Amino acid sequence: MLRRALLCLALAALTRAGAAAPEEEDHVLVLNKGNFEEALAAHKYLLVEFYAPWCGHCKALAPEYAKAAGKLKAEGSEIRLAKVDATEESDLAQQYGVRGYPTIKFFKNGDTAAPREYTGDVESDFAKQFLLAAEAVDDIPFGITSNSDVFSRYQLAGDGVVLFKKFDEGRNNFEGDVTKEKLLDFIKHNQLPLVIEFTEQTAPKIFGGEIKTHILLFLPKSVPDYDSKLSNFKTAAERFKGKILFIFIDSDHADNQRILEFFGLKKEECPAVRLITLEEEMTKYKPESDELTAAKIEEFCHRFLEGKIKPHLMSQELPEDWDKQPVKVLVGKNFEEVAFEEKKKVFVEFYAPWCGHCKQLAPIWDKLGETYKDHENIVIAKMDSTANEVEAVKVHSFPTLKFFPAGADRTVIDYNGERTLDGFKKFLESGGQDGAGDDDDLEDLEEAEEPDLEEEDDQRAVRDEL
């Protein structure tokens with residue numbers, strides 16, 4: 001798994017600790033054989049100094065150690081600092097291999113089997129910021145070392161932070177001032193591969209990241225030139241790191257078919273590329289060329305970033321009999337012409353074929369069409385919003401009912417009344433007044449399902465935007 005592929009190793013001075021303890025001196029927990037295990041159980045992160053009262057180095061360390069302990073406690077951190085008088089607690093000193101003073105050991109989650117020995121500068125802001133970042137990240141292991149052999153092996157001349165990973169360039173060196181926020185941004189920016197496959201496991205990281213512009217390559221793993229096409233995609237990705245997230249999707253996989261439908265693609269149309277922005281409104285973009293060379297993909301991304309690509313709006317072909325029934329059929333290609341006809345009042349249902357509420361509404365909507373089929377300026381219409389998109393209306397839930405009054409000002413009124421024939425008739429006869437309402441007042445609407453793009457809370461959030 002991706003989380004096992006990453007190791008963030010701090011080649012620097014660092015401190016860690018836990019929460020409260022039975023007794024404190026200057027915010028430092030005072031431990032002994034009687035309360036040591038209790039403290040380990042109570043505090044997730046605990047940094048313990050084994051000291052001798054007569055040791056000069058220990059005396060010099062004491063004020064800075066207390067200062068670091070106070071700062072962490074004041075901030076409510078899970079990291080706490082503690083100390084043990086090794087001359088009085090010889091059993092503890094022997095158990096943890098104390099051979100000199102001060103000896104500092106870091107304990108995580110109460111693990112006494114292999115605590116990390118720390119020999120760095122515990123009062124440094126560098127150490128504090130790194131530990132705060134470590135506290136905020138659950139799925140990446142953080143490590144500490146001051147071993148000169150490790151510095152030499154990884155060619156570091158001084159303190160630093162390195163993200164090690166088993167993909168792409170293999171490692172990333174942090175540069176700049178060390179703060180918790182910058183370290184977290186550094187991890188987010190580098191923890192994903194340049195090109196990542198969309199799966200149930202990777203979805204939370206894909207949608208939980210800072211990059212909200214995603215380009216997707218729908219690529220069947222069964223095609224003979226799979227490797228070369230994926231290689232072209234990876235080559236293009238190198239130029240847009242941090243700006244566009246490159247994702248590939250196995251278009252043959254059954255679990256991904258709803259994603260293809262969402263983008264208006266069929267399996268036989270793949271390989272194909274689409275781009276989407278996950279801002280307040282999801283917007284899709286389609287390349288002008290079907291070529292999947294690195295150069296063409298790069299050109300498409302450059303033009304998008306320069307604002308030269310128009311959104312891609314899906315549309316079915318216009319049925320020949322679209323206006324032959326009482327309820328007129330709208331698609332993307334004829335929506336503007338019908339809905340904004342200046343001499344007509346147009347009432348439109350935006351529906352999804354799979355939506356249960358839409359199915360319940362269908363016979364009532366048909367009766368409404370029958371009621372006004374001969375009316376000179378009232379039109380009842382419907383549009384499948386899973387296959388058609390229009391710039392004037394963003395559909396977030398199904399069914400969505402909107403009224404387009406006659407006139408040249410392109411007014412759009414939301415219907416929020418009863419879903420009954422009488423309710424619809426009162427609304428129309430009042431010119432869109434009786435039953436009109438705000439989106440916030442809408443009840444009992446079926447959300448427009450997002451095609452298995454995310455899990456749990458993240459998934460629901462994206463569905464809401466659709």
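The buried residues of helix 8 are Y226, K229, L230, F233, A236 and A237, where buried means under 20% relative accessible area with a 1.4 Å probe and only protein chains counted. Seen down the axis of helix 8, these residues fall within an arc of 120°, so they line one face of the helix; the arc is that of the directions from the helix axis to the C-beta atoms. An α-helix has 3.6 residues a turn, so residues three or four places apart point the same way.

This is a predicted model, in which local features need pLDDT of at least 70 and side-chain atom pairs count only at pLDDT 80 or more, while totals for chains, interfaces and linings use all residues. Residues are numbered from 1 along each chain as its sequence is written, and side-chain values use heavy atoms, with hydrogens and water left out.

Helix 8 comprises residues 226-237. At 1.5 Å a residue, its 12 residues should span 16 Å, and its end C-alpha atoms are 17 Å apart, which agrees; the expected span is 1.5 Å times one less than the number of residues. The cover over its buried residues includes strand 11 (195-197), strand 12 (213-218), strand 13 (245-249) and helix 10 (294-305). Helices (H or I, at least four residues) and strands (E, at least two) are DSSP runs, numbered from the N terminus.

The largest nonpolar core has 23 residues, of which I215, I244 and F246 touch the most other members. Such a core is a set of buried Ala, Val, Leu, Ile, Met, Phe, Trp, Tyr and Cys residues joined through side-chain atoms within 4.5 Å. Two or more residues each come from strand 12, helix 8, strand 13, strand 14 (272-278) and helix 10, and helix 8 gives the largest share, five residues. Beyond its neighbours within four places in sequence, I215 is in contact (heavy atoms within 4.5 Å) with residues including F233, I244, F246, V273 and F300. Apart from this core lies another, of 21 residues, among them L192, A203, F207 and L245.

The chain as a whole has 14 helices and 22 strands, and 47% of its 466 residues are buried. Among contacts between residues at least 6 apart in sequence, 71% join residues at least 24 apart.

Confidence is given by pLDDT, the predictor's value for each residue from 0 to 100. The chain's mean pLDDT is 83, and 87% of its residues reach 70 or more. Over residues 439-466, however, the pLDDT is below 50.

Methods. Buried < 20%, exposed > 50% of the residue type's maximum accessible area, 1.4 Å probe, protein only.
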